[in-house]
Amino acid sequence: MKNGNAPEQLDLFGGAELNGSPPVLNGVYYEKATGMFVSFSRGRRYKEWPAKTCTFDKEWQERIKRERAI
């Protein structure tokens with residue numbers, strides 16, 4: 001490489017932390033404390049939907065609650 005920096009290898013399948021920093025949230029998660037579905041983009045909170053009035057597919061909602069609860 002021209003600038004002498006070695007490329008950084010990313011752990012795409014398990015990596016909890018890279019270089020000691022927490023992972024950046026991307027996607028939709030279920031927030032247990034508020035009972036809301038929350039979308040994140042580049043680690044920033046983007047949009048919220050109340051779980052009680054959410055019109056998304058029920059199977060999807062249950063999967064997100066199981067797999068992506070924060």
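**Close-up 1. Charged side chains over tyrosine rings.** Lys 65 lies over the face of Tyr 30, at 5.3 Å from the ring centre. The charged end of Arg 68 sits over the ring of Tyr 29, 4.3 Å from its centre. A charge sits over a ring if NZ of Lys or CZ of Arg is within 6 Å of the ring centre and within 35 degrees of the ring normal. The model is predicted: local features need pLDDT of at least 70, side-chain atom pairs count only at pLDDT 80 or more, and totals for chains, interfaces and linings use all residues. Residues are numbered from 1 along each chain as its sequence is written, and side-chain values use heavy atoms, with hydrogens and water left out.

**Close-up 2. The three-stranded sheet.** The sheet is open, with strand order E1-E2-E3 and antiparallel pairing. Strands E1 (27-31) and E3 (44-50) stand at the edges with a single partner strand each, so one side of each has no neighbour in the sheet. From one strand to the next, the twist averages 30°. Strand E2 (residues 36-41) pairs with E3 in the antiparallel sense over six bridges. Ser 41 has Arg 44, in E3, as its bridge partner. Strands pair if DSSP finds at least two bridges between them. Helices (H or I, at least four residues) and strands (E, at least two) are DSSP runs, numbered from the N terminus.

**Close-up 3. Helix H1 on the sheet.** Helix H1 (residues 58-67) packs on the sheet and touches E1 and E2. Contact means heavy atoms within 4.5 Å. The direction of H1 makes about 75° with that of E1. Axes are lines fitted to C-alpha atoms, for helices over the stretch in contact; angles run from 0 to 180 degrees between N-to-C directions.

**Close-up 4. Aromatic pairs.** The structure holds five aromatic pairs. Rings of Phe, Tyr and Trp (its six-membered ring) pair if their centres lie within 6.5 Å; planes under 30 degrees apart count as stacked, over 60 as edge-to-face and the rest as tilted. Tyr 29 and Phe 40 pair edge-to-face, 5.9 Å centre to centre with 80° between the planes. Tyr 29 is in strand E1 and Phe 40 in strand E2, so this pair ties together parts eleven residues apart in sequence. Both residues, Tyr 29 and Phe 40, are buried. Buried means under 20% relative accessible area, exposed over 50%, partly exposed in between (1.4 Å probe, protein chains only).

**Close-up 5. Phe 37 and Trp 60.** The ring centres of Phe 37 and Trp 60 are 5.5 Å apart and the planes stand at 40°, so the pair is tilted. Phe 37 lies in strand E2 and Trp 60 in helix H1. Phe 37 is buried, at 0% relative accessibility. Trp 60 is partly exposed, at 23%.
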